[in-house]
Amino acid sequence: MTLWALLALLSIPFWVYIMYMSLTGASRAMFGAGFLGGVLVLYMLHQSIERVGGGTNYILTDLKRLFARGNLLETLSYIVSAAIIVPTVTYIYINAIEDTHPSLETTVLVEGGRATSPELVMAALFTLVMLYLTWRSFGITFLAVVLAGMAYGLFGEVIPGTLGHTGISPNRMLRILVISVDGFFGFLTQLTAAWIALFLLYAGMLKAYGAFDLILRAAVRSAKYVDSGVAQTAVLASAVIGSVNGSQTANAGMTGSFTIPMMKKSGVKPATAGGIESVASTSGQVLPPVMGAGAFVMASLITGVSYVDVLIAGLIPAAILMITIVIAVHYAAAPQIEEPDMDDHFDVKLTQLELALEGIKFGLPLLILVYYLGVVQFTVMTSAFRTVVAMAALGILIPTFKQGYDTGNVRLTFWKFVDTLKQTLNGLREGVVVLAPVAIILAAINGVVDILQATGVPTSISLTLMSLSGGVLLFAAIMAMIICIILGLGMPTTAAYTVVALLIAPTLVGQFFLPEFAGHFFVFYAAILAGLTPPIATCVAVATGIAGSNFWRTCLEAIKISTPLFILPFSFIYHPDIVNHQGDITVGLLVTSTVILFGSIAIVHGLNYRFAFGRAGTIGMRTLFFSLGIVIMVFPAFLVQVGALAVVFVLYLTQAAVGEASPLEKLQAVASGINGRRK
């Protein structure tokens, strides 16, 4: 038995607990406490295995390596952390029964209550463990964010001006963070346990059963039909995978390890390859049905809105963004790509039947998810549970029956069945591996947010924004975007959105009277831009490391491709119907959405197209396309948008007049089967 096998086996009772609590509708406080304790212990075991290089075939050998001189300190730190986590979580879990039995008077109350000295010591130790694990998971940058939030709560009286407050005592802070079944155990942790966990288990099972390999195969095949097909592989794979895993940075590392070398091999420059992967990983965070797990949080924060309503609201902006990025990637990559040789990217060739069976294996659970969520409109927990069960059943049965049909050998069929069981265990383990960092950062963010809420900082930020903007919506929106980018630095999608949704969105909705969907989607899109914005740009940094490119050049390429992503949130403000339609798709809405799409295409055309006008002429054309694109996307008057769009079409015709093929002519060439590769 290996440590990896031990982690997989321990994952079974953890996921059984998640499924049981999800389906029985147990106390959210109890659910969150048990969930956080379990995932933290499993996370530390996983980190220990990684520390010794992934484990050997003998558990005793691995244990000796864990307690060797180089690993001893970290191993002891995890043992001490577990010794603090287990009794603390057990105590919280037992006393959280008050949530379901209000007649019982316990010290630990959901609303908060008195705390004894031992409870305060327990809370202080657990807080130190959370800080340590936050640092282990996300490094010093995010730890500094958490510590800054706690320091703001403790020392608010020394802060001058609007953002100052009377301060929170250490005892009250510990009650907020741990004892009140809030803070680290609060609504974000409970939301992760009830809604997000099973989706990440689904993601882990997809990886274990080989879904990502199928996605990449489908994307690679597109290179035979589209000039930029190799680069579009990154867009498709990263967008699909990124929408599930909830971290653009992790996604860039996961899919980028495959797509970036593939693009470089096909002739794409390292900086361009890194930029494409960064943007593709970021764009995946806004794609329904999961939206990097942000959809779940949004549904819980907006009153009277269901999860399905959030998905419907996100469809039009996601479509605009993805179409624009596909075009931008084509402009950036097609001139660099040489004749692609796709035959050696995969060791195993699949027949048409095998591809069809793979499609059924992964497609049917997805259809089940869409059916139960969108058609029948079951709860998120029930829909996710049935999807996971369907994925496990098909992942085991289809390969097993195919083996039996192909060979007719009972022994080989049995061992194939055993192999699929191992894949299922790996899926359970992968689910924990993906879930743990998300749970840790959301628990930490929940603690900071509750502290900030106790200080009244959302009201202070609202007053500050109103004061600095002079009550002008455009100025307030620009400042809000800057704040969202700063607050989102180094955070996964869900954590970044949660912070800005609680601190910034209320100002846009309450003070400037934006519809709730418009305000929340504005901050949601703005928050994920931190991964692309220098000088931090964590997503670009990961892609740069894989591509071996220059960081600043890669940032430039990423921003040129993703510029409409910085403008699109302002469309939500001045054209809120594109996210606030609630499924009522009218002709006017389609026209508005199409105009905004053309505006975003104009921006990427101006920034990425290779004009033949000389240096001064090219700069002029880029400036015109960029400026007109912003007007088309954002300006509230429809006639002005149409007028700017007409000017853009004139500029397209001007390109053709000086010998440049217009985009329309290129599309016609592709449709006619002509490979319109630019020289």
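**How the helices and loops get their labels**

Modeller: Let me start at the end of helix α22, which is followed by G548, a residue whose phi is positive, near 70°. This is a predicted model, in which local features need pLDDT of at least 70 and side-chain atom pairs count only at pLDDT 80 or more, while totals for chains, interfaces and linings use all residues. Residues are numbered from 1 along each chain as its sequence is written, and side-chain values use heavy atoms, with hydrogens and water left out.

Colleague: How many helices and strands does the protein have, and what makes a stretch count as one or the other?

Modeller: The protein has 28 helices and 0 strands. Both are DSSP runs numbered from the N terminus, a helix being H or I over at least four residues and a strand being E over at least two.

Colleague: Which residues of α22 are buried, and how do you know on which side of α22 they lie?

Modeller: Helix α22 spans residues 538–547, and its buried residues are C539, V540, A543, T544 and A547. They cover an arc of only 135° around the axis, so they sit on the same side of α22; the arc is taken from the directions that run from the helix axis to the C-beta atoms. Among the elements that cover these buried residues are α10 (248–265), α11 (270–283) and α23 (551–574).

Colleague: What makes T88 a buried residue?

Modeller: T88 belongs to helix α4, residues 69–95. Buried means under 20% relative accessible area, exposed means over 50%, and partly exposed is in between (1.4 Å probe, protein chains only). T88 has a relative accessible area of 2%, and therefore it is buried. Leaving aside neighbours within four places in sequence, T88 is in contact (heavy atoms within 4.5 Å) with M122, F126 and V178. V178 is itself one of the buried residues of helix α6 (residues 170–179), together with M173, L174, I176, L177 and I179. After α6 comes V181, whose phi is positive, near 55°. Over the whole protein, buried residues make up 54% of the 679 residues.

Colleague: Why is V472 called partly exposed, and why does F513 count as exposed?

Modeller: V472 lies in the loop between α17 (457–469) and α18 (473–487), and its relative accessible area of 36% makes it partly exposed. V472 is 8.7 Å from F512, C-alpha to C-alpha, although the two are 40 residues apart in sequence. F513 is in the loop between α20 (505–510) and α21 (516–528), and with 69% relative accessibility F513 counts as exposed. F513 also has a positive phi of about 60° although it is not a glycine.

Colleague: Why are α12 and α19 called roughly parallel?

Modeller: Helix α12 (residues 294–301) and helix α19 (residues 493–503) pack at an angle of about 25°, with their axes 9 Å apart. Axes are lines fitted to C-alpha atoms, for helices over the stretch in contact, and angles run from 0 to 180 degrees between N-to-C directions. Angles under 35 degrees count as roughly parallel, over 145 as roughly antiparallel, 65 to 115 as roughly perpendicular and the rest as oblique, so α12 and α19 are roughly parallel to each other. In this pair G294, V297, M298 and L301 of α12 meet T494, Y497, T498, A501 and L502 of α19. The contact of α12 with α19 has 6 nonpolar, 3 polar and no charged residues, where Ala, Val, Leu, Ile, Met, Phe, Trp, Tyr, Cys and Pro count as nonpolar, Asp, Glu, Lys and Arg as charged, and the others, Gly among them, as polar.

Colleague: What makes α22 and α23 oblique to each other?

Modeller: Their packing angle is about 120°, with the axes 9 Å apart, and α22 and α23 are therefore oblique to each other. Where they touch, V540, A541 and T544 in α22 meet F551, T554, C555 and A558 in α23. The residues of this contact divide into 5 nonpolar, 2 polar and no charged.

Colleague: And at what angle do α5 and α16 pack?

Modeller: Helix α5 (residues 117–154) and helix α16 (residues 410–455) pack at about 5°, with their axes 10 Å apart. That angle makes α5 roughly parallel to α16. The residues of α5 in this contact include M130, L133 and F138, and those of α16 include P437, I440 and V448. By class, the contact of α5 with α16 has 16 nonpolar, 5 polar and no charged residues.
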